Amino acid sequence: QVQLQESGPGLVKPSQTLFLTCTVSGASIAASGYFWSWMRQSPGKGLEWIGYQEGSGLRWYSPSFQSRTSISRDTSKNEFTLQLNSVTLEDTAVYFCARKIGQAQYDYWGQGTQVTVSL
């Protein structure tokens with residue numbers, strides 16, 4: 001059974017850097033052909049794809065986030081991390097990590113973690 005669990009601060013201030021970690025069990029984040037992703041959903045908005053890292057280490061980012069986002073990983077801990085710089089109030093959202101296999105749909109999701117950006 002593959003499980004993903006997000007962790008990180010629930011509250012950050014504007015202009016700070018947000019770090020969220022997704023800890024994975026039941027599968028290796030270093031396995032080729034799997035895409036380990038970050039997405040978010042804000043109130044009143046649909047799901048936004050932020051980026052993902054494939055098992056080989058290659059990374060892709062949404063153009064909307066590319067200038068201030070980085071995804072990294074620690075294969076020894078089987079976890080990957082989202083870094084979002086210079087957060088604003090509009091970054092308030094529920095953040096999810098998820099897995100995708102090739103061109104298929106996402107098959108496993110974390111439960112999501114609420115991040116609020118506030119003074």
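# Names and the numbers behind them

Mentor: Start with a group of rings: F35, W49, Y52 and W60 make up one aromatic cluster. Keep in mind that the model is predicted.

Trainee: How many aromatic pairs does the structure hold?

Mentor: Eight. One of them is formed by F96 and W109.

Trainee: What makes F96 and W109 an aromatic pair, and how do their planes lie?

Mentor: Ring centres have to lie within 6.5 Å to pair, and those of F96 and W109 are 6.0 Å apart, so the two rings qualify. Then look at the planes: over 60 degrees counts as edge-to-face. The angle here is 85°, so this pair is edge-to-face. The pair also links distant parts of the chain, with F96 in strand β9 and W109 in strand β10, 13 residues apart.

Trainee: Is F96 buried or partly exposed? And what about W109, buried or partly exposed?

Mentor: Buried means under 20% relative accessible area. F96 has 15%, so F96 counts as buried. W109 has 38%, which is between the 20% and 50% limits, so W109 is called partly exposed.

Trainee: How do you know that C22 and C97 are joined by a disulfide?

Mentor: Check the sulfur atoms. They are 2.1 Å apart, and the limit is 2.5 Å, so the pair counts as a disulfide. A disulfide is a covalent bond between the sulfur atoms of two cysteines. By this rule the count comes to one.

Trainee: Where in the chain do C22 and C97 sit?

Mentor: C22 is in strand β3 (residues 18–25) and C97 is in strand β9 (residues 93–101). That puts them 75 residues apart, so this link ties together distant parts of the chain. Both C22 and C97 are buried. The link is right-handed, with 65° about the S-S bond.

Trainee: What does β3 do with β8?

Mentor: β3 and β8 also pair in the antiparallel sense, over six bridges. There, T21 has T81 in β8 as its bridge partner. Put together, four strands form an open antiparallel sheet in the order β1-β3-β8-β7.

Trainee: What makes β1 and β7 edge strands?

Mentor: β1 (3–7) and β7 each pair on one side only. Between neighbouring strands of this sheet, the average turn is 20°, direction ignored.

Trainee: What about the phi of S86?

Mentor: That phi is also positive, at about 50°, and S86 is not a glycine. S86 is found in the loop between β8 and β9. With a relative accessible area of 44%, S86 is called partly exposed.

Trainee: Which residues touch the most other members of the largest nonpolar core?

Mentor: L18, W38, F80 and Y95, out of 24 residues in that core. Strands β3, β4 (34–41), β8, β9 and β11 (113–117) each supply at least two residues. The largest share, four residues, comes from β3. In soluble globular proteins, nonpolar side chains tend to be buried together.

Trainee: Which residues is Y95 in contact with, leaving aside its neighbours within four places in sequence?

Mentor: Among them are E6, L18, L20, M39, I50, L82 and V115.

Methods: Residues numbered from 1 in each chain as written. Predicted model: local features only at pLDDT ≥ 70, side-chain atom pairs only at ≥ 80, totals over all residues. Heavy atoms only, no water. Buried < 20%, exposed > 50% of the residue type's maximum accessible area, 1.4 Å probe, protein only. Pairing = 2+ DSSP bridges. Axes fitted to C-alpha atoms, helices over the stretch in contact; angles between N-to-C directions. Core = buried A, V, L, I, M, F, W, Y, C linked by side-chain atoms within 4.5 Å. Contact = heavy atoms within 4.5 Å. Phe/Tyr/Trp six-rings, centres within 6.5 Å; stacked < 30°, edge-to-face > 60°.
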